[in-house]
Each structure stands twice: as C-alpha cells, then as structure tokens.
Amino acid sequence: MNNHGEPEQMLDLDLKCNFQDRAKTILTTEKKLVQITGTAMFPGDIAPDFPTLSGGTVTVFGQVRRIEQGMKARNPDGTVNYCQLEVI
C-alpha cells in the first residue's frame, strides 16, 4: 500500500511458467473455504530484490488470478532454484 492506501505495484513481469490447474478446498482457522485453482512455477528467482513472494495477481491464459501463497525453493547453497505461486 502506498501513502494514500492504494495498492502499490511492485513488479510487472512478462514471464513463462509451468502452470498446473487443480482444485483443492481448505478450511482455514476462520472456518472459511478457500479454493486453490492452480500452481505457477518459474525457474530461478523472479523477484531477487524481495525476500518473499506474497499478494498481488497473475494473468494465466488471459485470466487474472489472485496470489494466495508464494514460495522460493532454495538450493543448499542458498540460491533460488524455482519460485512457486499458489493462485485462486
């Protein structure tokens, strides 16, 4: 969020990924159901200036999806092998 409370765009990338559609229902602590509809995997570190991946949206096959969870899979030497985004 910026000073005016508006969402701030941190990254705008045009990348290719391995996208896998799936459906999974999760019961959260607030008793809310969340439907995860896909996983996007990117080789390497797509955001080297950020320690974690969270929030925002991605467009896959022309459909805008909200990022629910992000992960940077690290090698034993600390480098990032791939990034994974869970989207709904």
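Guide: A polar contact is a pair of N or O atoms within 3.5 Å, in which one must be able to donate a hydrogen and the other to accept it. Please note that the model is predicted.

Visitor: What makes the pairing of the side chains of Asp 77 and Thr 79 a polar contact?

Guide: The side chains of Asp 77 and Thr 79 are joined at 2.7 Å, and the cut-off is 3.5 Å. The pair therefore counts as a polar contact. Asp 77 itself lies in the loop between strand 4 (63-74) and strand 5.

Visitor: Why is Asp 77 called exposed?

Guide: Its relative accessibility is 61%, and exposed means over 50%; Asp 77 therefore counts as exposed.

Visitor: Is Gln 84 buried or exposed, and how do you know?

Guide: Gln 84 has a relative accessible area of 16%. Buried means under 20%, so Gln 84 is buried. Gln 84 belongs to strand 5 (residues 80-87). Beyond its neighbours within four places in sequence, Gln 84 is in contact with residues including Thr 39, Met 41 and Gln 69.

Visitor: What joins the side chains of Gln 84 and Glu 86?

Guide: A polar contact of 2.9 Å joins them; the limit for such a contact is 3.5 Å.

Visitor: Why is Met 10 described as exposed?

Guide: The relative accessible area of Met 10 is 52%. The term exposed requires over 50%, so Met 10 is exposed. Met 10 is placed in the segment before strand 1 (18-27). Together with Leu 11, Leu 13 and Leu 15, Met 10 forms a nonpolar surface patch with about 380 Å² of accessible area.

Conventions:
Residues are numbered from 1 along each chain as its sequence is written. This is a predicted model: local features need pLDDT of at least 70, side-chain atom pairs count only at pLDDT 80 or more; totals for chains, interfaces and linings use all residues. Side-chain values use heavy atoms; hydrogens and water are left out. Helices (H or I, at least four residues) and strands (E, at least two) are DSSP runs, numbered from the N terminus. Buried means under 20% relative accessible area, exposed over 50%, partly exposed in between (1.4 Å probe, protein chains only). Contact means heavy atoms within 4.5 Å. Patches are made of residues with over 30% relative accessible area and no salt bridge: like charges are joined within 9 Å, nonpolar side chains (Val, Leu, Ile, Met, Phe, Trp, Tyr) within 5 Å. Accessible areas come from the Shrake-Rupley method with a 1.4 Å probe; for residues, only the protein chains shown count as cover. A salt bridge is a side-chain nitrogen of Lys or Arg within 4 Å of a carboxyl oxygen of Asp or Glu.
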